[in-house]
Amino acid sequence: MDIPYQTEPRKDTGLFNAKLGIWLFLASEVMLFGALFSSYILLRVGAAPGDWPHGLLNIPLGTINTIVLIVSSITVVMAWASLKMKDFAAFRRYQTVTLVCALGFLGIKSYEYNDKFSHYEIQLKDGRVADGHLKETTATEYVLHHAHYVNKAEAAKVTHAYQEREIKHEEITVKKEDVKYMENYGPWHSTYLAIYFTLTGLHALHVIGGALVIAFLWGPGAVMWKTDPERYTNRIEVSGLFWHFVDLVWIFLFPVLYLL
Amino acid sequence: MSLKAFHLVFIIASILMAFGFATWSFLNYFSPIGEWTDLASGIVAILAGLGLVVYERFFLRKFKNVSYI
């Protein structure tokens, strides 16, 4: 039995099955990310002045990741165009670049995550708070790199990411016996980091999922190109639609989380 | 909506983001603690935005026979 509308579009919708399916799925994804974006905006607007942290993220790395995803969206669409022109070798070249971009994005994101997990806030018994990246732990001391003592009055004045550069950083050594409490900048540290890790973690999972599908269609799934090229081209289009959605989410995430 | 149409939407969003980033960089540059890197990133962002406009025109020409649906 043949399943209808696998390659040719239905007359009423103008879409083949997979395209209708991916758009329904993307509509549910819009609701998922939309709810998280709304949560972020409400939490941020509701935060007391000076309470919302700024300048915690690495803007140059975020910019590079944005460029990487824009390039990958171009290669995805060029790969699809190559199949339309029956050039399978060009399709493979473009999708190889897409996969390299996906791995590059995930590599940079992993570095950023690691940077946050090694970034500590240490409350001392004398009331001071040291903030910096844990460079070394000895039997008696913590050595913080690119660190400073937090001045709450000064911190409250930082309302834009770029103002973080006003804070002077140095290497700080803290004795373990002086530590009252210490915590890294994981999702448990603050509301901002909780929603940052939720949004970017969910987005990274989508990047991994999209890359796996693209890799499958590049490798073992490419057998279909020989048996049913039109259906295979449709599959590439559908995977490209998902990839574009993932990229579009990042185009919104980057300015909201890194710049504003 | 085909991949062609979605790609156009994505590139338009990227162009707007590039010009927005340029504005953000220039505002930083003209603030009391602005640095030359802010000016440089603003100029690069404008060039990137213009590059994407040129690319979009190229894309529209290349895909003129592909449906938007």
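1. In which sense do strand 2 and strand 3 of chain A pair, and over how many bridges? Strand 2 (residues 129–137) and strand 3 (residues 141–149) of chain A pair in the antiparallel sense, over 6 bridges. Pairing here requires at least two DSSP bridges between two strands. Helices (H or I, at least four residues) and strands (E, at least two) are DSSP runs, numbered from the N terminus. Within this pair, A:Asp131 has A:His148 of strand 3 as its bridge partner.

2. A note on the basis. This is a predicted model, in which local features need pLDDT of at least 70 and side-chain atom pairs count only at pLDDT 80 or more, while totals for chains, interfaces and linings use all residues. Residues are numbered from 1 along each chain as its sequence is written, chains are lettered from A and ligands numbered from 1 in the order in which they are written, and side-chain values use heavy atoms, without hydrogens and water.

3. Now the whole sheet. Chain A has an open sheet of 5 strands, in the order 4-3-2-1-5, with antiparallel pairing. Strand 4 (170–175) and strand 5 (179–184) of chain A are at the edges. Each has a single partner strand, so one side of each is left without a neighbour in the sheet. From one strand to the next, the twist averages 40 degrees. Axes are lines fitted to C-alpha atoms, for helices over the stretch in contact; angles run from 0 to 180 degrees between N-to-C directions.

4. Helix 3 (residues 88–117) of chain A packs on this sheet. The helix touches strand 1 (119–124), strand 2 and strand 5 of chain A; contact means heavy atoms within 4.5 Å. Its direction makes about 10 degrees with that of strand 1 of chain A.

5. The rule asks for a side-chain nitrogen of Lys or Arg within 4 Å of a carboxyl oxygen of Asp or Glu. A:Lys19 and A:Glu237 form one, with the closest N and O atoms 3.1 Å apart. A:Lys19 lies in helix 1 (residues 17–46) and A:Glu237 in helix 7 (residues 229–259) of chain A, so the pair ties together parts 218 residues apart in sequence. Both A:Lys19 and A:Glu237 are buried (under 20% relative accessible area; exposed is over 50%, partly exposed in between, with a 1.4 Å probe and protein chains only).

6. Two further pairs. A:Asp12 bridges to A:Arg10, with the closest N and O atoms at 2.8 Å. A:Asp12 is exposed at 57%; A:Arg10 is partly exposed at 33%. A:Asp115 forms a salt bridge with A:Lys116, at 3.7 Å between the closest N and O atoms. A:Asp115 is partly exposed at 25%, whereas A:Lys116 is buried at 3%.
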